[in-house]
Amino acid sequence: MTTQSSAIASDQQTYINQLSQYDGKEVTLKGWVYNLRSSGKILFPQLRDGTGIVQCVVLKNSIAPETWEALKALGQESSVVIRGKVRADSRAPGGYEIDVTGAEVLQKYTTIPSRRKNTGRSF
């Protein structure tokens with residue numbers, strides 16, 4: 001499911017543990033939704049990529065409506081590409097946040113699969 005131009009996914013990837021090198025610059029992060037909070041017209045998706053976790057800030061009026069709706073509906077472990085500007089924030093884990101300017105949903109999960117009940121049968 002593409003929510004912005006598919007050119008986002010082809011952009012040079014930045015890793016979360018490198019964000020200090022890009023303060024004030026636009027980056028492209030690829031990873032999985034770790035958590036998602038909402039506060040009316042602001043979304044706070046936390047993204048993880050294997051090198052760390054970063055909080056992203058999405059303002060409803062700063063992105064396309066279809067991107068907002070797609071991000072709002074994501075579940076934990078959904079795969080996404082996020083483009084945004086790195087901003088130092090002493091309150092944030094790792095000291096940085098991402099002000100989101102675009103996103104692409106690669107794989108949407110709404111629930112995490114539960115463990116199968118042991119029925120005693122082997123397959």
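The following exercises, with worked solutions, concern a predicted model. Local features need pLDDT of at least 70 and side-chain atom pairs pLDDT 80 or more, while totals for chains, interfaces and linings use all residues. Residues are numbered from 1 along each chain as its sequence is written, and side-chain values use heavy atoms, without hydrogens and water.

**Exercise 1.** Determine which residues of helix α2 are buried and where they lie around the axis.

*Solution.* Helices (H or I, at least four residues) and strands (E, at least two) are DSSP runs, numbered from the N terminus. Buried means under 20% relative accessible area, exposed over 50%, and partly exposed in between (1.4 Å probe, protein chains only). In α2 (residues 65–72), T67, W68, A70 and L71 are buried. These residues lie on the same side of α2, because they cover an arc of only 165 degrees, taken from the directions from the helix axis to the C-beta atoms. Their packing partners are β1 (26–38), β2 (42–48), β3 (53–59), β4 (79–88) and β5, where contact means heavy atoms within 4.5 Å.

**Exercise 2.** Classify Q107 as buried, partly exposed or exposed.

*Solution.* Q107 lies in strand β5 (residues 96–107). Because its relative accessibility is 38%, Q107 is partly exposed. Beyond its neighbours within four places in sequence, Q107 contacts S78 and S79.
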